[in-house]
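Please examine the model shown below together with its sequence. The paragraphs after it form a guided reading of the fold.

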Amino acid sequence: MPRPKQRTPELRDRVLRVALDVLAEDGVAGLTTRAVAARAGTSVPAIYELFGDKAGLVRELFVEGFRRLADRMVAVGVTDDPRDDLLRLIAAYRRFVRDSPTLADVMFSKPFAAMGPGPDGVAAGVTAREAVVDAVRRAIDAGVVAGDPVDVAHVLLALAQGLVAQEA
């Protein structure tokens, strides 16, 4: 009787954690399915079964990063002070990038951009982006900020990204 497959959500999460560790320690060149499988205590075929290939693993890291970012941004909440909400949202974004630099690299830097996020990645990114655009829209409606909500949101995110890069 063949052994049952152990492709569980727990293995998936462990592989993602290990892939982030490999990226942080060994860089892009060190991120191989073989290295990730060895450190995760699984096999290369298991990684292919879970993610398709190395690009699929990186895409899932991308999606996971935006899920985590969106969770942090949604957790900021909405109060009756749109200006403070916007400041807290940008602070949450900066904390996320500082706390998760390797994940932020996967989400925002060129080595991974060519892989393309796929539909799940796009949806995860939209959730995080909409949190900022909605906060900017509320600030505009309150007369605290002026301009197009999408343009202002992009400028604020670029500013936050620049600040966190300097802090690093």
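This is a predicted model: local features need pLDDT of at least 70, side-chain atom pairs count only at pLDDT 80 or more; totals for chains, interfaces and linings use all residues.

Residues are numbered from 1 along each chain as its sequence is written, and side-chain values use heavy atoms, with hydrogens and water left out.

The protein chain contains nine helices and zero strands. Helices (H or I, at least four residues) and strands (E, at least two) are DSSP runs, numbered from the N terminus. In sequence order, the pattern is α-α-α-α-α-α-α-α-α. Taken along the principal axes, the C-alpha atoms fill a box of roughly 70 × 35 × 25 Å.

Confidence is expressed as pLDDT, the predictor's confidence in each residue, from 0 to 100. The protein chain averages 88, and 92% of the residues score at least 70. Confidence is highest in H2, at a mean of 96, and lowest in helix H7 (residues 110–113), at 62.

Burial and contacts describe how the chain is packed. A residue is termed buried under 20% relative accessible area, exposed over 50%, and partly exposed in between (1.4 Å probe, protein chains only). Of the 168 residues of the protein chain, 38% count as buried. A contact means heavy atoms within 4.5 Å. Among contacts with a separation of 6 or more, 63% are accounted for by residues 24 or more positions apart.

Accessible areas come from the Shrake-Rupley method with a 1.4 Å probe, and for residues only the protein chains shown count as cover. The protein chain exposes about 9300 Å², of which carbon and sulfur atoms supply 55%. For the charges, Lys and Arg count as positive and Asp and Glu as negative, while His and the chain ends are not counted. The place of a charge is taken as NZ of Lys, CZ of Arg, CG of Asp or CD of Glu. The mean positions of the 22 positive and 23 negative charges are 7 Å apart.

Attention now turns to the interior. In soluble globular proteins, nonpolar side chains tend to be buried together. A nonpolar core is here a set of buried Ala, Val, Leu, Ile, Met, Phe, Trp, Tyr and Cys residues joined through side-chain atoms within 4.5 Å. The largest such core has 49 residues, and those with the most contacts inside it are Val 15, Val 36, Leu 69 and Met 73. At least two residues of this core are supplied by each of helices H1 (9–30), H2 (33–40), H3 (44–51), H4 (54–76), H5 (82–99), H6 (101–108), H8 (118–141) and H9 (149–167). The largest share, 10 residues, comes from H4. Leaving aside neighbours within four places in sequence, Val 15 is in contact with Val 36, Ala 40, Thr 42, Ile 47, Leu 50, Phe 51 and Leu 57.

Two further positions belong to helix H4. Ala 55 lies in this helix and counts as buried, at 18% relative accessibility. The C-alpha atoms of Ala 55 and Thr 33, 22 residues apart along the chain, are separated by 9.8 Å. Glu 64 also lies in H4 and is buried, with a relative accessible area of 19%. Glu 64 and Met 107 are 43 residues apart in sequence, with a C-alpha to C-alpha distance of 9.3 Å.

Ser 100 is found in the loop between H5 and H6. Its relative accessible area is 15%, so Ser 100 is buried. Thr 102 is placed in helix H6 and is buried, with a relative accessible area of 18%. Leaving aside neighbours within four places in sequence, Thr 102 is in contact with Leu 20, Leu 23 and Ala 24.

Not counting residues up to four places away in sequence, Tyr 48 touches Thr 33, Asp 53 and Lys 54.
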